[in-house]
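User: I am new to this structure and would like a short tour. Could we look at it together?

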Amino acid sequence: MSNNKDYTSLLIPTHLIPPRSSLTPRRLFLPASLISLLLLAIASFHFSSVSPHVRSYIGRTASAAYGFGRGRGEAWRSQAAAAAEEVDWDILTKPLHVDASVEERLRAWDEAPLVEPADWVRQSMKTCPSYRIQPNQNKQQLEQSHLLWSSMNSTMIGGLRASMISHLHRANKEGRMSKKAWGTGRGLVFTAGNVDTFSRVLLTLKLLHKHLNSPLPSEIFSFPGEAPTEEVRKELEGFGATLRVVNDAVRDGHRTKNYHIKSTAIIKSRFREVLYLDSDNMPTAGLGPWKEKPFNSSEPERWTDSAGLWESKAYKRLGVMFWPDYWRTSADNPIWALIGVPCRDEWEQEAGQILIDKSRHLDALILSEWMMDSSRFKFNFSDGDKDMFRYSFLALRKRWGVPGKYVTAAALPSNSMTGFCSHTMLQSDHRGRPMFVHANLLKQISSGVGKGYAWGKSRSMRNFKSSFPHQGEEPDDEDLEDHDVDCDHLANAQNDGRALSPAGPAVRKRAALEKGIRPFFHGGQVSALCIDMGWNDPRSDHDQAIARMAAGATGDPEKDKNIDISFTSADDGLEILWRDPLQILEWKDDVRLRDFEET
């Protein structure tokens, strides 16, 4: 049976489509034009509450649709191209102040230009060049999405953007972002449905309460009709958990995973400061109040010590922390035109854990909730729910804190038939120490994993020192400071580590070298499906040629082939070693990991 899918019905109602044999361009033009004009008229009425910018755009589009058959289309396209050249693209990359109001954020988004998707792609290719993004693209998502993306024009993008802005305007007027909706205190939020997911949540609560001195209250949200066994319910409630149902949520039978109540769960939670965790995600450090030790303290770290996430600098400054995924977003994804932001060369978001203060970000949560409704947002801009949060923050010109280190690939003690076999995303805290064991592939190993054989080693990026190295040598000891890192300290990083926002030496070295990390899948046929990571020099051929010239290249290939360009120095003296920063670490050597599996 063919797997080809007809996407025409997403654009034109089925009953208006004549038989396929009669779909000549001539026969389709008149009904399609009439439908477009009708939709635009409806949009003009429906979006009358949004800015003159959007209404003007709808009017221009209608005029172009009407005038296309009258020889005016070419002139309109020339005007659109000229308008794209006049856009101040730089200002679209900047956030608003952390205290900006909802209305100010919506106005900034609303005023972002509505040019043709091709114009956005051309601009996005400058910040997300193919040689940088392609090695880290989610190939499966691209295969499933490109046909849909190519069906989107500026009319559809303008309509979607106006709908989202109007939705937030209404939510604000209805008081959904008021102080009454914030909640109080701190707590954990989970989503769970079947027996396995409730049992995994119970395991996490046991770990926190019995071993990590973190007796935080928690709430577990489910679809209607989903519930744990009575035995598991009693145990969950014994650890302070409250079971709640999202009564108006409907499961989508076409999805293998129904993730779309995640935002709703955080919004409806009674807590103001929420740590959301997937059911297969377990902390490996305490979540209680941070107890800072003296600078010269010789007291060793204990597994039960609090990591101090709530007290981390970036979270306190921005009120939110997101964690990275393995992939980067394509420059031709229409989401950039929709949110009015040029493509950002940064890691996508992995939403197995989210730390957020609702008093500061209910607007973004309500927007991500809207995006997760598949009946309205069906263009596969994200592989599941994960990047809906990141897109919402970018649309509202907000920024988020990031952990002190890129995601670590945690693996089986021994290699599989196809090599190093990671099945777990080991996410770090703000200082780069292990924090969350997100075993998202472990449950897919069909043969199962016996106790004591689940984890044993990790492939991890090293932490970098704040001091500048000397003579091309990086100090052996790692820096575990809280560098107050946010997403703009890493996004669009250049070869000297300078990104969208200025940062110190340690963060700049991280930003430059992270660009070379190459995660990849392997196995999955007769062996386990695994993840591994490699590293390639991320500099382009042109950049490397310039580095050779700076190092004394003569132009003679024979003489120049041995020139070492693995060490470069920026104009401010920052030295970067272009060598593989990945290392294999044993779980038995880390106090936060050695007893994790046994416990």
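This is a predicted model: local features need pLDDT of at least 70, side-chain atom pairs count only at pLDDT 80 or more; totals for chains, interfaces and linings use all residues.

User: What is the order of the six strands in the open sheet?

Analyst: The order is β3-β2-β1-β4-β7-β6, with mixed pairing. Strands are DSSP runs (E, at least two residues), as are helices (H or I, at least four), numbered from the N terminus; two strands pair if DSSP finds at least two bridges between them.

User: Which strands stand at the edges?

Analyst: They are β3 (241–245) and β6 (320–328); each has a single partner strand, so one side of each lacks a neighbour in the sheet. From one strand to the next, the twist averages 25°.

User: How many bridges join β2 to β3?

Analyst: Five bridges join β2 (residues 218–222) to β3, and the two run parallel. F221 stands opposite R244 in β3.

User: Changing topic, at what angle do helices α9 and α10 pack?

Analyst: Helix α9 (residues 195–210) and helix α10 (residues 230–238) pack at about 30°, their axes being 10 Å apart. Axes are lines fitted to C-alpha atoms, for helices over the stretch in contact, and angles run from 0 to 180 degrees between N-to-C directions. The two helices are therefore roughly parallel (angles under 35 degrees; over 145 is roughly antiparallel, 65 to 115 roughly perpendicular and the rest oblique).

User: Which residues of α9 and α10 meet?

Analyst: F198, S199, V201, L202, L205 and K206 in α9 meet V232, E235 and L236 in α10, where contact means heavy atoms within 4.5 Å.

User: And how are α4 and α8 arranged?

Analyst: Helix α4 (residues 102–110) and helix α8 (residues 154–173) pack at an angle of about 170°, with axes 11 Å apart. They are therefore roughly antiparallel to each other. Among the residues that meet are W109 in α4 and M164 in α8.

User: Last one: is strand β11 mostly covered or uncovered?

Analyst: Strand β11 (residues 457–461) is mostly covered, with five of its five residues buried (under 20% relative accessible area; exposed is over 50% and partly exposed in between, with a 1.4 Å probe and protein chains only). Strand β8 (residues 408–411) pairs with β11 in the antiparallel sense over three bridges, and β11 pairs with β16 (residues 582–586), also antiparallel, over five bridges. S458 is the bridge partner of A410, and L585 in β16 is the bridge partner of S458.

Notes:
Residues are numbered from 1 along each chain as its sequence is written. Side-chain values use heavy atoms; hydrogens and water are left out.
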